[in-house]
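I opened this notebook to record what I looked up in the structure, entry by entry. The entries go from the overall fold to single residues.

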Amino acid sequence: MTDVIDPFDIALGARIRARREALRITQAQLATAAEVTFQQIQKYERGVNRVSAARLALIAAALQAHPAEFFSDTESSDDGDALTKLRRIHDGMPLAEAYLSMDPDQRAALMMVARAFAAGDATPALNLLKAA
């Protein structure tokens with residue numbers, strides 16, 4: 001038995017923690033969903049304890065992610081398509097769900113507002129919102 005912590009376990013734990021914090025889920029809430037104690041979640045996040053595949057599946061489901069997402073090199077890389085990036089932020093999934101529930105005219109209006117904000121000129125977007 002060794003006391004050396006595997007760098008992979010540290011990276012995996014960091015990804016779990018980042019996703020949990022992005023979704024504003026407490027360790028206790030994640031622990032309940034993963035059927036472990038919050039102390040165990042702390043150990044996973046620090047890389048002290050190794051996460052089994054079955055436990056990772058429960059954690060991923062609670063964090064609205066696919067287990068494979070925790071194996072990608074998300075911390076050192078900014079690659080990935082826009083949808084993957086959107087899933088990683090706190091309001092990303094609710095934003096996508098709201099967008100998909102809109103009719104085409106509403107989507108077009110939202111895209112005008114979003115592009116204006118992204119371009120750094122919110123005035124046209126705000127005027128559009130006031131007119132609506």
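**Entry 1. Overall make-up.** I began with the secondary structure, which comes to eight helices and zero strands. Read from the N terminus on, the elements run α-α-α-α-α-α-α-α. Helices (H or I, at least four residues) and strands (E, at least two) are taken as DSSP runs and numbered from the N terminus. I noted that the model is predicted, that local features need pLDDT of at least 70 and side-chain atom pairs pLDDT 80 or more, while totals for chains, interfaces and linings use all residues. Residues are numbered from 1 along each chain as its sequence is written, and side-chain values use heavy atoms, with hydrogens and water left out.

**Entry 2. Burial.** I then looked up how much of the protein is buried: buried residues make up 23% of its 132 residues. Buried stands for under 20% relative accessible area, exposed for over 50%, and partly exposed for what lies in between (1.4 Å probe, protein chains only).

**Entry 3. Salt bridges.** I counted a salt bridge where a side-chain nitrogen of Lys or Arg is within 4 Å of a carboxyl oxygen of Asp or Glu. By this rule the count comes to five. As background, side chains of opposite charge can pair when their charged atoms come close.

I took R17 and E21 to begin with; their side chains meet in a salt bridge at 2.8 Å, N to O. Why are R17 and E21 about one helical turn apart? They are separated in this way because they are four residues apart in helix α1. R17 is partly exposed, with a relative accessible area of 43%, and E21 is also partly exposed, at 42%.

R20 forms a salt bridge with E21, with 3.9 Å between the closest N and O atoms. R20 also forms a salt bridge with E45, where the closest N and O atoms are 2.5 Å apart. R20 lies in helix α1 and E45 in helix α3 (residues 38–46), so this pair ties together parts that are 25 residues apart in sequence. Is E45 buried or exposed? E45 is buried, as is R20. I recorded that salt bridges with shared partners join R17, R20, E21 and E45 into one network.

**Entry 4. A nonpolar patch.** I looked for nonpolar surface and found a patch of about 220 Å², made by I5, I10 and V48. Patches are made of residues with over 30% relative accessible area and no salt bridge; like charges are joined within 9 Å, and nonpolar side chains (Val, Leu, Ile, Met, Phe, Trp, Tyr) within 5 Å. The accessible areas come from the Shrake-Rupley method with a 1.4 Å probe, and for residues only the protein chains shown count as cover.

I10 has its place in helix α1 (residues 7–22) and is partly exposed, with a relative accessible area of 38%. V48 is found in the loop between α3 and α4, and at 41% relative accessibility it counts as partly exposed. I also checked V48 against D6: the two are 42 residues apart in sequence and 8.4 Å apart in space, C-alpha to C-alpha.

**Entry 5. A helix crossing.** The axes of helix α2 (residues 27–34) and helix α4 (residues 53–62) come within 8 Å and cross at roughly 125°. Axes are lines fitted to C-alpha atoms, for helices over the stretch in contact, and angles run from 0 to 180 degrees between N-to-C directions. The crossing of α2 and α4 is right-handed, the term for a near helix turned clockwise from the far one by less than a right angle, with anticlockwise being left-handed.

**Entry 6. Loop residues.** I looked up positive phi values. E35 is not a glycine, yet its phi is positive, about 60°. E35 lies in the loop between α2 and α3 and counts as exposed at 61% relative accessibility. Q64, also a residue other than glycine, has a positive phi near 55°. Q64 is found in the loop between α4 and α5 (82–88) and is partly exposed, with a relative accessible area of 42%.

F70 is found in the loop between α4 and α5. At 3% relative accessibility, F70 counts as buried. The C-alpha atoms of F70 and A14 are separated by 9.2 Å, the two residues being 56 residues apart along the chain.
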